[in-house]
2 protein chains.
Amino acid sequence: MQALTLIKIGGNVIDDPEALAAFLQSYARVPGLKVLVHGGGKIASTIGIKLGIAPKMAQGRRITDEETLDVVTMVYAGLVNKRIVSKLQAEGVNALGLTGADGNIIPAAKRPVKTIDYGFAGDIEAGQIGSGPLSALLENGLFPVIAPITHDGKGQLLNTNADTIAAAVAESLSSRYAVTLVYCFEKKGVLKDPEDEESVIFAINPESYAELKEKGIVSKGMIPKLDNAFAALKGGVKQVHICRAADLEKIMEGEAYISTRLEPA
Amino acid sequence: MQALTLIKIGGNVIDDPEALAAFLQSYARVPGLKVLVHGGGKIASTIGIKLGIAPKMAQGRRITDEETLDVVTMVYAGLVNKRIVSKLQAEGVNALGLTGADGNIIPAAKRPVKTIDYGFAGDIEAGQIGSGPLSALLENGLFPVIAPITHDGKGQLLNTNADTIAAAVAESLSSRYAVTLVYCFEKKGVLKDPEDEESVIFAINPESYAELKEKGIVSKGMIPKLDNAFAALKGGVKQVHICRAADLEKIMEGEAYISTRLEPA
């Protein structure tokens, strides 16, 4: 199987133009087949507020009403995605930006209303994602850059968590490629002490993960990311790294003890 | 040579949700290979004004300062493009949205400053456009939907006229396909009398075009569209139609005398 690297870049890096430029240069140097999934950053909230649409949150997730959906579609699929694509083109990467609606690469379902109505939020399942269109792009020398917007196949766009997209797409591509999934963000990895940048936990397996959750060491925001990542490992992804965006090249070169590596059971 | 239809849909149709929905249903029924190029419509100006950015125009063209570029990138590549893609997906067309930066399908150059500084406006040449990435998409069953944003290859996005994009992409694809170029808008074609919807000029060739311009019958807004279209015919495009969006299916079925057909010399 041919190797493929799927990298997710977080919103905090996107919000920092210098960090983003440095990351994109590192990304350009990642050898072989690769796919980039990006988050949204704070620009959507900033623009939404200017347009008179206050961000609405519940349990750390955005509630996507119709107006908010328009804003995130504009910002994620338009501004952020095309800025990244044009910068990667300048770095010599033949990038091609997509949402889940394009080529139907990520079919989704509107989240059912239980206690909270999340509005136009899309839930996805790795099993529903075909690897055909992405493989076709990769085989033609095109490098997909995915914005966190999906669709229901009936004409409705949906807002979907970028971490979840990264894990699900990585899992679906693992039927054709030996996939390494890398979550890049502003921290060095999963920290034992959130105040101490050097307290990186170098390796986590499902057993130690259960322990970390029980002891409350893994923080709220990290749990969905890790849940997704372990599901991806179970689904066929070869390796998962959680690392600082600035360390991407070192990770790709195999440098150890600077990030968190997830291990299968 | 395989036949391909390249259709440009104008901003006035995009601004009218019902007309757009009807057009996309017609587009879905166009047989064979096809590419859609869309304009922007008034949403960019509306959103720009809400964000405190007044639209700036000179000689009928938008002046694109940095803030305006962000707005048109969001609206054209994000909101409008992804709405169209998701609606086409619902109609069974495996649409994939692109700007000129994606896959480097439309390299452009920032318009040189002469008497007017148009800002981040991109000029394109059909000869600079490769047909490779678009062909790769088409051969994989994906139908390109192009937003009127290009790039300079050095990381700068640029705003580019959608009529010009349609003609230049049609010309570049004519090296591989027998291309029919169709400009769809809200009128029945080029009108002898702009007040009389029934005064359609059924056929124009370069000679009669010169005469129409001389007599002032062809209006200002129409001249760049026709100049582009005649250049595309000269460059290898087989046929050009200018028609009402609502008449697209009839045109595709060969119905005559309901639109303007351009004829080579």
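## Briefing: core, rings and selected residues

K82(B) is buried, with a relative accessible area of 1%; buried means under 20%, exposed over 50% and partly exposed in between (1.4 Å probe, protein chains only). This is a predicted model, in which local features need pLDDT of at least 70, side-chain atom pairs count only at pLDDT 80 or more, and totals for chains, interfaces and linings use all residues. Residues are numbered from 1 along each chain as its sequence is written, chains are lettered from A and ligands numbered from 1 in the order in which they are written, and side-chain values use heavy atoms, without hydrogens and water.

- K82(B) belongs to helix 4 (residues 66–90) of chain B. Helices (H or I, at least four residues) and strands (E, at least two) are DSSP runs, numbered from the N terminus.
- Contact means heavy atoms within 4.5 Å. Not counting residues up to four places away in sequence, K82(B) touches T73(A), A77(A), T99(A), D102(A) and L157(A) in chain A, plus A77(B) and G97(B) in chain B.

**Chain A overall**

- Chain A has 9 helices and 14 strands.
- Its radius of gyration is 17 Å, close to the 18 Å that the globule rule gives for 265 residues, so chain A is as compact as a globular protein of that length. The radius is taken over C-alpha atoms, and the rule is 2.2 Å times the number of residues to the power 0.38.
- The C-alpha trace of chain A spans about 45 × 45 × 35 Å along its principal axes.
- Of the 265 residues in chain A, 58% are buried.
- Take the contacts in chain A between residues at least 6 apart in sequence: 70% of them join residues at least 24 apart.

**Nonpolar cores**

- A nonpolar core is a set of buried Ala, Val, Leu, Ile, Met, Phe, Trp, Tyr and Cys residues joined through side-chain atoms within 4.5 Å.
- In soluble globular proteins, nonpolar side chains tend to be buried together.
- The largest nonpolar core here has 181 residues. L6(A), F23(A), L6(B) and F23(B) have the most contacts inside it.
- A second, separate core has 5 residues, among them A58(A), I63(A), Y118(A) and A121(A).
- Beyond its neighbours within four places in sequence, F23(B) is in contact with I7(B), I9(B), V13(B), L36(B), C184(B), A245(B) and L248(B).

**Aromatic pairs and charges over rings**

- There are 6 aromatic pairs over all chains. Rings of Phe, Tyr and Trp (its six-membered ring) pair if their centres lie within 6.5 Å; planes under 30 degrees apart count as stacked, over 60 as edge-to-face and the rest as tilted.
- F23(A) and Y27(A) form a tilted pair, 6.1 Å centre to centre with 35 degrees between the planes. Both residues lie in helix 2 (residues 17–29) of chain A, 4 residues apart, about one turn of the helix.
- Y209(B) and F230(B) form a stacked pair, 5.1 Å centre to centre with 25 degrees between the planes. This pair links distant parts of the chain: Y209(B) is in helix 7 (residues 206–214) and F230(B) in helix 8 (residues 222–234) of chain B, 21 residues apart.
- Y209(B) is buried at 5% relative accessible area. F230(B) is buried at 12%.
- The charged end of K34(A) sits over the ring of Y27(A), 5.0 Å from its centre. The charged end of K34(A) also sits over the ring of F143(A), 5.6 Å from that centre. The test needs NZ of Lys or CZ of Arg within 6 Å of the ring centre and within 35 degrees of the ring normal.

**Cysteines**

- C184(A) is buried, with a relative accessible area of 2%. C243(A) is buried too, at 0%.

**Two more residues**

- A22(A) is in helix 2 of chain A. At 41% relative accessibility, A22(A) is partly exposed. A22(A) and R61(A) are 39 residues apart in sequence and 28 Å apart in space, C-alpha to C-alpha.
- D247(B) lies in the loop between strand 13 (239–244) and helix 9 (248–252) of chain B. D247(B) is buried, with a relative accessible area of 3%. Leaving aside neighbours within four places in sequence, D247(B) is in contact with K188(B) and I258(B).
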